[in-house]
Amino acid sequence: MSSGFPSIEILEQNHDFPCVFMFKAIGKAEDSFVGRVLGVFTQELGEAIEPPFSIRTTSGGRHVCVTVQPEIASAIQVLTIYQNLHQLDGVVMLM
């Protein structure tokens, strides 16, 4: 996987999968950014319903933070989601 993402070993040491895992994607506040972020989760998790999420826009309105807290099955699934989020247009930071 790409550097900057946690390793499988670290994820497995710190989490008991399956579990709720928190992802944060910060990006340009464009109309479709939030939808594209949520689309990564619905595609990977294979669920028709979006996982729990919240949105916070910066005071200047240029960026938005999407916090998503889905039930995740494995460390590999965490890394797959991070990799797919990283490929989205407009992403500034992932946490």
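Let me begin with the basis of the model. The model is predicted, so local features need pLDDT of at least 70 and side-chain atom pairs count only at pLDDT 80 or more, while totals for chains, interfaces and linings use all residues. Residues are numbered from 1 along each chain as its sequence is written, and side-chain values use heavy atoms, with hydrogens and water left out.

I turn to the fold. The chain contains three helices and six strands; helices (H or I, at least four residues) and strands (E, at least two) are DSSP runs, numbered from the N terminus. Their order along the sequence is α-β-β-α-β-β-β-α-β.

Four of the strands make an open, antiparallel sheet, in the order 3-4-2-6. Two strands are said to pair if DSSP finds at least two bridges between them. Strand 3 (53–57) and strand 6 (91–94) are the edge strands, each with pairing on one side only. Neighbouring strands are turned against each other by 20 degrees on average, direction ignored. For such angles, axes are lines fitted to C-alpha atoms, for helices over the stretch in contact, and the angles run from 0 to 180 degrees between N-to-C directions.

Which residue of strand 6 is the bridge partner of G27? That partner is V91. Strand 2 (residues 23–28) and strand 6 are joined by three bridges in the antiparallel sense.

Helix 2 (residues 33–45) lies across strands 2, 3, 4 (63–68) and 6, and runs at about 25 degrees to strand 4. Contact here means heavy atoms within 4.5 Å. Of the contacts between residues at least 6 apart in sequence, 75% join residues at least 24 apart.

Next, the overall dimensions. The C-alpha trace spans about 40 × 30 × 20 Å along its principal axes. Buried residues account for 34% of the 95; buried means under 20% relative accessible area, exposed over 50%, and partly exposed in between (1.4 Å probe, protein chains only).

Finally, the cysteines. How many disulfides are there? The count is zero, where a disulfide is a pair of cysteine sulfur atoms within 2.5 Å. The closest cysteine sulfur to that of C65 is in C19, 19 Å away, and therefore too far for a bond. C19 counts as buried because its relative accessibility is 14%. C65 is also buried, with a relative accessible area of 16%.
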